[in-house]
Amino acid sequence: MSTEADAVGKTSSRLQFQQCKPADLTLEHWIACWEQQKIGFHQDAVHEMLKKHVDVMLNGRKQIRIFFPLCGKAVDMKWLADQGHTVVGVELSEIAVKQFFTDQNLSYIQEPVPGMPGVDVFKTTEGQISLFRCNIFDFSSYSKLLITLMAKGCRYLLDTLVCTKSDFEGLPIKISEAETRDLYGHACNIQLLDSSDTLTGKQKLWDMESFIEEVHLITPKTDSS
């Protein structure tokens, strides 16, 4: 697996909105979602927040390496690869990985990763897109892992959702501004780029008054020292 990334693609806390507690989110549950194609969290179009803020992430750079943790079969990866960037993704479900290449009409090769038993990499023949089939949580704390992968000058877009119902335990998991700063603030600068109320009828059924999508730009503090 690549050890450094020039950018981290829009990592999102979005999951299918349903009556399911975070404790239910086992690896088996995630695999079953893909096996049963219960993938309401998947979007068939490039995320609007990514398109809106991609220039901030790129910061004038061309042909950079972009890391997509928990990538599923996100169409955003093909969109960025078509712009000349190299994409590296990590996904637990082999079904999701294979569907990405099939949906995008891309030929690929599958290879075991030396020194990482049970881990395969699926990549386009020219190597511009490489998706690792493994559990990212096997490596370390999620936020700590991402920090270690951030090369000098890396710019990380983090998309989170915040709701007003304090006792809500369903999906998507709510991530507060304070939690974001607790996870990344010791090593990174955090800038709020966007905040938008995305309240819909579904959320109103859960007695929510607001459902806020926030996008942060996270950069290593070492870049400004």
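H2 covers residues 48-58. Its buried residues are Met49, Leu50, His53, Val54, Met57 and Leu58. They span an arc of only 160 degrees around the axis, so they share the same side of H2.

Now follow the chain past the end of the helix. H2 is followed by Asn59, with a positive phi near 55 degrees. Asn59 is not a glycine. It sits in the loop between H2 and strand S2, which runs over residues 65-68. Asn59 is partly exposed, at a relative accessible area of 47%. Gln63 lies in the loop between H2 and S2 as well. Its phi is also positive, near 50 degrees, and Gln63 is likewise a residue other than glycine. Gln63 is exposed, with a relative accessible area of 64%.

Go back to the buried side of H2. His53 is one of the residues there. What joins the side chains of His53 and Asp194? A polar contact of 2.8 Å does. Asp194 belongs to strand S8, residues 188-197. Asp194 is buried, with a relative accessible area of 9%.

Next come the aromatic rings. The structure holds eight aromatic pairs. In one of them, the rings of Trp30 and Phe41 have centres 4.9 Å apart and planes at 25 degrees, so this pair is stacked. Trp30 is in helix H1, residues 27-35, and Phe41 is in the loop between H1 and H2, so the pair ties together parts 11 residues apart in sequence. Phe41 also pairs with Trp34: the ring centres are 5.8 Å apart and the planes stand at 70 degrees, so this pair is edge-to-face. Phe41 is buried, with a relative accessible area of 19%. Trp34 is buried too, at 1%. Elsewhere, ring pairs link Phe100, Phe101, Tyr108 and Phe122 into a cluster.

Then the cysteines. How many disulfides are there? The count is zero. A disulfide needs two cysteine sulfur atoms within 2.5 Å. The sulfur of Cys71 has its closest cysteine sulfur in Cys134, 9.5 Å away, which is too far for a bond. Cys188 is in no disulfide either; the nearest cysteine sulfur, that of Cys154, is 8.5 Å away. Cys71 is buried, with a relative accessible area of 6%. Cys188 is buried as well, at 3%.

The mean pLDDT of the chain is 84. Of its residues, 79% reach 70 or more. Where is confidence highest, and where lowest? It is highest in helix H4, residues 94-103, at a mean of 98. It is lowest in helix H7, residues 201-204, at a mean of 50. Over residues 13-23 pLDDT stays under 50. For that stretch the model has 44 contacts beyond four places in sequence. Where pLDDT is low, the predicted coordinates should not be read in detail.

Conventions:
Residues numbered from 1 in each chain as written. Predicted model: local features only at pLDDT ≥ 70, side-chain atom pairs only at ≥ 80, totals over all residues. Heavy atoms only, no water. Helix = DSSP H or I, 4+ residues; strand = E, 2+ residues; numbered from the N terminus. Buried < 20%, exposed > 50% of the residue type's maximum accessible area, 1.4 Å probe, protein only. pLDDT = per-residue confidence, 0-100. Contact = heavy atoms within 4.5 Å. Arc of directions from axis to C-beta. Polar contact = N/O pair within 3.5 Å; in protein donor to acceptor, adjacent residues only side chain to side chain. Phe/Tyr/Trp six-rings, centres within 6.5 Å; stacked < 30°, edge-to-face > 60°.
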